[in-house]
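My notes follow in the order I looked.

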Amino acid sequence: MVSALLGFMAVSGLLGQRNLLRLDVRCRLQSEAYAGFPAQYLLEIVNQRRRLPAFLLQARIGSTTLLFPLIPFGESCQQILVLTFSQRGLQPLPEIYLSSCFPINFFVRSRRVPHNQQVLVFPRPLKSILPSGTGQKRQARQEDLFLPGIDGELRSVDNYLDGDPLKAIHWKHSARQEESYKVKRLNRLGLPAQLINIENLPGAIEEKLSRCTYLVNRLSRSQRAVGLRIEQKLIPPAVGNSHRCRLLTELARYGQH
Amino acid sequence: MVSIKQILHLLLYISAAVSLLPVLPFLAWWVQLVLGGGILVGIIGDRGGNYLLRQSPATLLSSGFFLLFLFQANWSNLAEPLIQFLCLLLAVRLAGDKSPRHMLQLFLLATIILAASSMLTLDMAYLVYLVILVMLVTSGLLLLSFFATDPQIIFNRREWRFLLKTLAVLPIGSLLLMLVLFVILPRTQTPLWNFLNPKPNSVIGMSDQVSPGSVAELSQSGQLAFRAEGDPLPPDALYWRGIVLNQLDGNIWTRNQSIQEEKYLPGRSRERQLRIFSEPKADRYLVTLDHPRLVDQIRHQFSGDGVVRTLYNSGRNQNYLVFAQIDAGSRLLGRPDGYLQLPAGISRRLMALGREIGRQEGGYQGKIDRLEAFFRQQQLSYSNRQLSLTENPAETFLFETKRGYCEYFASSFALLLRIAGVPSRLVGGYLGGEYNQLGGYYLVSEDLAHVWVEALDDRGVWQRLDPSRLAINAEQDLLQIRRRELPILQIFADAMLHNWNRLVLTYDLRQQFELVREIGKRIREIKDVRSLKIGTLLWGGLLAVPIGVYILVRRQRTRAARVVASYRRRLARCCGVVALPAELGLFTLAKRTGAGACQDFARIYGGALYRGETLSAGDYRHLKILIRSLKRVRFPIEVAKPAMDGDNVTSNKPS
C-alpha cells in the first residue's frame, strides 16, 4: 500500500511538473488601450509538447485569472482578458503566472512566465472642442483634399482597371483611343485639414494630451486630415488609421523619449 | 454527454465497494446494515440532489461512532473496532452531500479501509483489490481536480479522449512504480504497525505439550502449517522437527528449557538445504527438517536438542533457511538422568511391564526391540476418532481400547522406555507433506502434526523411533494420507499462493540486503569476467550507436509504411479481395474509387512524398481518420484489378 501511494505521488508529481513545461504564452492587444479605460487583450497559450496535453491551466495576469481546462498537444487556446492601465505611455505588461492543480488537487504548481512585453497606452481621452484660431477661418467649408475620391475635381485620366465604376469611364476620350477604355480619376471632397497645436489646448500637460487625443480621434473619425504640433515637432495633416495611430503614439510618448 | 460529477459518483461507489469487500466478513451485521443504508441513501440523494443526511447530523453521527470505537477498542483488540469505525465513517460520508472535499475524503477513506484490511486478512485477493482501488482512486482524484476547479466543466468527445489517455498514465505508472518501490523501499524486520495486528492465539496441530486422553477427537482443520522449498526427499525421511518434550508431569509431556549439550553427528547422505515459509503462529518454535545442523536468515536460538526458537514472535509469515541431513544424529554430552525422569502415580501394570522390559539383556537397543515387539503384539490400531477420555491414558490405550493417535503411541512408548531405563523423549513436529512439483516445495498442513520418540542407543546417540508405525493399520491410516498427491488445479493455485507469500508477505529487510548483495556480486562478476573484454564492450557500444540511429530512422519509415499498409488492407476489404495488387498506387486507387477519402489520402500522403517531407503527427491522425471512414464503404471489385496502360501508377514507398 505504501509503495502504491508513493508510486502514485511520484507519477502525479511528474505529470504535474510536466504540465507546466513547454508552454508559450502570448498576450496581444485586441483593441486600443487608453489610460484609465479597460482594454481587451487576447491571451494565447500554445502547447509546444509533442505528446502531453496541458490540463487545468490557470493563467493569472494582474488581478485577472483565466482557466484553460485542456489544450491538446501542438495546439493553442485563446481567451480574452480585460486590463486597465492608469498611466499613458509604454507600460510593461503585468507579470503572467501559470498555475495548475493538475493532476491531483492537493498542490498547486505555479511558474512565472518571463516576458518583456510592453503595451503602448494612449492618453485618456478628454472631451474637448477645437481651440479657436488653430485652423482656417471657415471650418465647415469643404475642400479638395487631393486624395482619391468620387466627388472632387478631376485629378487624372487613367486606363480602365477591373472594379472601376462604369460612370467613371471617360467615353469621349476612350473613343479616341483604341487599346483600352479611359477613366476619370477624381479628388475627394472634404473638410479642410486641421493642425492641432497642443500648446493651444487648455489645462496642464496631461490634460492637454487627453484633450488632444480626443480631438485626434474625433477628427479622424470624420475623415478629416489632422496634424499635430508637439514639442517642436510638426506632423503634417493626413488621414488614415496609421496616421491617427502615429499621432496617438506621439501623444502617448510625450515626455518619455 | 456524461458529466464529470456522474463519473465521479460512480467511481466513488465502486471504490467504496472494492475497499469493503475484504473486510465485509469481519464486520458486525449492524455495521453491514448501516453501510448498505448509507449507500442507498447516498444514491437516492445523488439522483434527486436532495440528501437526507445533512451536514450537522452527519457530524453528530460520526462523533457518536467515534465514541463507540473508543468504548470498544483496547490494546488486544484494536484492529476490528478501528476498521468498523472507518466503515461507519464511510457510510456516513456516502449518505451525505458530495462536495469535492467530501469526495476526496471518501476516496481517502476507501484507501485507508483497504490498507487496514491487511490487519485482518492478507491473502492474494488483496493484491487484486489494491490494483483495482489504485486505478479507481487515481482516476477519481484526477477527475476530482477538474471538478473542484470548475464544477460546470464539460468535455467534448475529443477532449475526453485526451483526458482518458492521460488518465491511463496515472494508474498504470503508479502500479509499475509500486512494483519497483516494493522491492527497493527500505523496510524494517518487523512491521512498524505490527502491534495493531491481532496475534494468532489458536493452537492447532503441533503443540508445546502432549497430553493424550485429553481430547476425544482430533479436528482436521487442513490449515496450512508451512511450505518447505527444496528438492524432493525420500517419503520416509519427511520428519519435520518442531519441539522436543523432555519432561513428564503426570500424563503431560512438557519441555524443560534447561537442555543438556549435544554434539551433532553428520550422516552419510548429502546435506539438504530447505527454505521454510511458515504461517503465523502463537509459539516461537521453528520447524526444521529432522535433523537440523544450521538455521539461517532469521534471528533464532538453537538448542542442543535440535529445537530452534525465534527471538521474537512477529505474528507474521516467516521464512528462513534450514540445513539438515536426514540421517544425521546427535550425541548426548553428559549424564542422561534427566531423560529417565518419571512422574509419581504411574500405574502398577505399566511399571511392571516397563521393569520387565528393563530386565532384558542387550543394552538399550535390546530393550527398545523388546518394547517394539510388545507394541506389535498388542495389535494396536491408529485412530483419531471416538477415543475415550481417561486419567490413565497409556494404560487404557495399551491394554483396553488399543486405539489412539500418535500422542498415545509416542507417550506410552517413551514412558515405558523410561521405566525400562532407556533415556527417551518426545519430539513434536510433522510427518509427511505433499510435494508441489510446480513450485518445488512441500506443502505441510496442520493435519500432518505428529509426535514421535527419540531414545538413546548404546553409543549415546539419539535415534528416532516412531511407535505409530507399529500400529496394525499404520500404512493405511497414518502413512498413506501423508503421501497423497494434490490435484493439478490445487497445485497451480497453491504455487500462486506460495509465490505471493514468498515475494510479498515475507519480503523483508534481510531479503533486500540479499538482493543488493546478489546484484553487487553479479556486477563484480561482470567486471571480473569482462576485464579482458572491455575492448569488446567498447566496440559493441560504438556499433550500437549507429544501429540505434538506424532503428530510429527506420521507425519513422515503418510508421508511414504501417499507415499505407493499413489503408491498402482496408481498401482491399472494401473491394472484397484479400489484397490489392502491389502496382496500384495511391493516386490510381483514388481515381478508380472516386471516393473523397481516398483522394484526400493520396493528396496528403502523396503530397508529403513529393515534397520530400515527413508526415506530421496531425497528418498521421488525419490519415487514420480517413482509413476509419472507409470502414463501411463498398467498392466494385474492378477497383482492385491489376493496373492497365494509362493508369497513374505511383510508388507506395514511404518517404
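**Entry 1: the contact**

I started with the contact between the chains, which takes 29 residues from chain A and 32 residues from chain B; contact here means heavy atoms within 4.5 Å. Before going on I noted the ground rules: this is a predicted model, where local features need pLDDT of at least 70 and side-chain atom pairs count only at pLDDT 80 or more, while totals for chains, interfaces and linings use all residues. Residues are numbered from 1 along each chain as its sequence is written, chains are lettered from A and ligands numbered from 1 in the order in which they are written, and side-chain values use heavy atoms, with hydrogens and water left out.

Next I looked up the area. Chain A and chain B bury about 2,500 Å² between them, and 81% of that is on carbon and sulfur atoms. Buried area is the accessible area (1.4 Å probe) that two parts lose on being put together, summed over both.

How many salt bridges are there between chain A and chain B? I get one, taking a salt bridge as a side-chain nitrogen of Lys or Arg within 4 Å of a carboxyl oxygen of Asp or Glu. Glu75(A) pairs with Arg158(B) in a salt bridge, with the closest N and O atoms 2.3 Å apart. I then checked the whole structure, and the search finds 25 salt bridges over all chains. The cross-chain pair runs from Arg158(B) in helix H7 (residues 157-184) of chain B to Glu75(A), in the loop between E4 and strand E5 (76-84) of chain A. Helices (H or I, at least four residues) and strands (E, at least two) are DSSP runs, numbered from the N terminus.

For polar contacts, I find two residue pairs between chain A and chain B, both at pLDDT 80 or more. A polar contact is a pair of N or O atoms within 3.5 Å; within protein, one must be able to donate a hydrogen and the other to accept it, and residues adjacent in sequence count only if both atoms are side-chain atoms.

Which elements give two or more residues to chain A's side of the contact? They are helix H1 (2-19), strand E3 (54-61) and strand E4 (64-71) of chain A. H1(A) gives the largest share of that side, eleven residues. By class, the side of chain A that touches chain B has 23 nonpolar, five polar and one charged residues. In that scheme Ala, Val, Leu, Ile, Met, Phe, Trp, Tyr, Cys and Pro are nonpolar, Asp, Glu, Lys and Arg are charged, and the others, Gly among them, are polar.

**Entry 2: sheets in chain B**

I traced an open sheet of five strands, antiparallel, in the order E8-E2-E16-E19-E20 (chain B). Two strands pair if DSSP finds at least two bridges between them. Strand E8 (288-289) and strand E20 (462-465) of chain B are the edges, each pairing on one side only. Inside the sheet, strand E2 (residues 239-245) and strand E16 (residues 424-431) of chain B share six bridges, and Tyr239(B) has Leu431(B) as its bridge partner in E16(B).

Another open sheet has six strands in the order E9-E12-E6-E1-E18-E17 (chain B), again antiparallel. Its edges are strand E9 (292-296) and strand E17 (434-436) of chain B. Strand E6 (residues 272-278) and strand E12 (residues 318-324) of chain B pair over seven bridges, with Arg272(B) opposite Ala324(B) in E12(B).

I found a cis peptide bond joining Phe102(A) and Pro103(A), with omega about 0°. Pro103(A) sits in the loop between strand E7 (96-100) and strand E8 (109-113) of chain A. The bond from Asp290(B) to His291(B) is cis as well, omega near 10°, and His291(B) is in the loop between E8 and E9 of chain B. Leu56(A), in strand E3 of chain A, has a positive phi near 45° and is not a glycine.
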